[in-house]
Amino acid sequence: MRPSAPSRATRRVAPAGRASDFVWTFADFLPTAAAIAFGVQQGFLAADEVLRDLAQMLGETVDEFGTPDDFIGHRGGDDFVVITSGEQGPGIRDRIVARFNSSVGTHYNFIDRDKQYITVDGKQYPLMSLS
């Protein structure tokens, strides 16, 4: 069974006193079945390392492709927000998704990477991904 995608809401906001549009994106990462299964199998510390890597990717990607006015926030737990210009938003989002999906396998052992799934309590779960 394929888990649902991470919940993500995107909307345009106009900061007070600014004419340009910004894109606000919220990603609630961990409540996917694949991520929960990873935490059960690998433990809290391994799941926390995935979040640290994602946070680092957010920062590096916004530094590289964003503007000085961009904002990255971490509400806590698995909740992240990126506020960027409307023009930069899709490129930043696509780059973060691509980077995460290409590197998430490093958090799994080579057998699970090769199979492309893990087994927890007799059920198969795909490797984590962003979409």
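## E60 and its partner

E60 is partly exposed, with a relative accessible area of 33%. Here buried means under 20% relative accessible area, exposed means over 50%, and partly exposed lies in between (1.4 Å probe, protein chains only). The side chain of E60 meets that of R99 in a salt bridge, at 2.6 Å from N to O. A salt bridge is a side-chain nitrogen of Lys or Arg within 4 Å of a carboxyl oxygen of Asp or Glu. This pair links distant parts of the chain: E60 sits in helix α2, R99 in helix α3, and they are 39 residues apart. R99 is also partly exposed, with a relative accessible area of 21%.

This is a predicted model, in which local features need pLDDT of at least 70, side-chain atom pairs count only at pLDDT 80 or more, and totals for chains, interfaces and linings use all residues. Residues are numbered from 1 along each chain as its sequence is written, and side-chain values use heavy atoms, with hydrogens and water left out.

## The overall plan

The protein has four helices and six strands. Helices (H or I, at least four residues) and strands (E, at least two) are DSSP runs, numbered from the N terminus. From that end on, the order is β-β-α-α-β-β-α-α-β-β.

The protein has 131 residues, and buried ones make up 38% of them. It exposes about 7,600 Å², and carbon and sulfur atoms supply 54% of that area. Accessible areas come from the Shrake-Rupley method with a 1.4 Å probe; for residues, only the protein chains shown count as cover. Now take the contacts with a separation of 6 or more: residues 24 or more positions apart account for 58% of them. A contact means heavy atoms within 4.5 Å.

Helix α2 covers residues 44-65, 22 residues in total. From its first C-alpha to its last it reaches 31 Å, close to the 32 Å expected at 1.5 Å a residue. The expected span is 1.5 Å times one less than the number of residues. Several of its residues are buried, among them A47, L51, L54, L58 and V62. The buried residues of α2 pack against α1 (33-42), β3 (71-76), β4 (79-85) and α3 (89-103).

Which residues have the most contacts inside the largest nonpolar core? They are L54, F100, Y108, I118 and M128, in a core of 25 residues. α1, α2, β4, α3 and β5 (117-120) each supply at least two residues of this core. α2 gives the most, with seven. A nonpolar core is a set of buried Ala, Val, Leu, Ile, Met, Phe, Trp, Tyr and Cys residues joined through side-chain atoms within 4.5 Å.

## Salt bridges within helices

The structure holds five salt bridges. Side chains of opposite charge can pair when their charged atoms come close. An α-helix has 3.6 residues a turn, so residues three or four places apart point the same way. R52 is partly exposed, at 43% relative accessible area. D48 is partly exposed too, at 24%. Both belong to a network of salt bridges that links D48, E49 and R52.

Helix α4 (residues 110-115) has a pair three residues apart, K115 and D112, separated by about one helical turn. Their side chains meet in a salt bridge of 3.4 Å, N to O. K115 is partly exposed, with a relative accessible area of 34%, whereas D112 is buried, at 6%.

Q116 lies in the loop between α4 and β5. Its phi is near 70°, a positive value in a residue other than glycine.

Next comes β5. Which residues form its covered face, and which its uncovered one? I118 and V120 are on the covered face; Y117 and T119 are on the uncovered one. In a regular strand the side chains alternate between the two faces of the sheet. Four bridges join β5 to β6 (residues 123-126), and the two strands run antiparallel. Two strands pair if DSSP finds at least two bridges between them. Y117 stands opposite P126 in β6. The hairpin has two residues between its strands. D121 is found in this loop. Its phi is near 50°, again a positive value in a residue other than glycine. D121 counts as exposed, at 77% relative accessibility.
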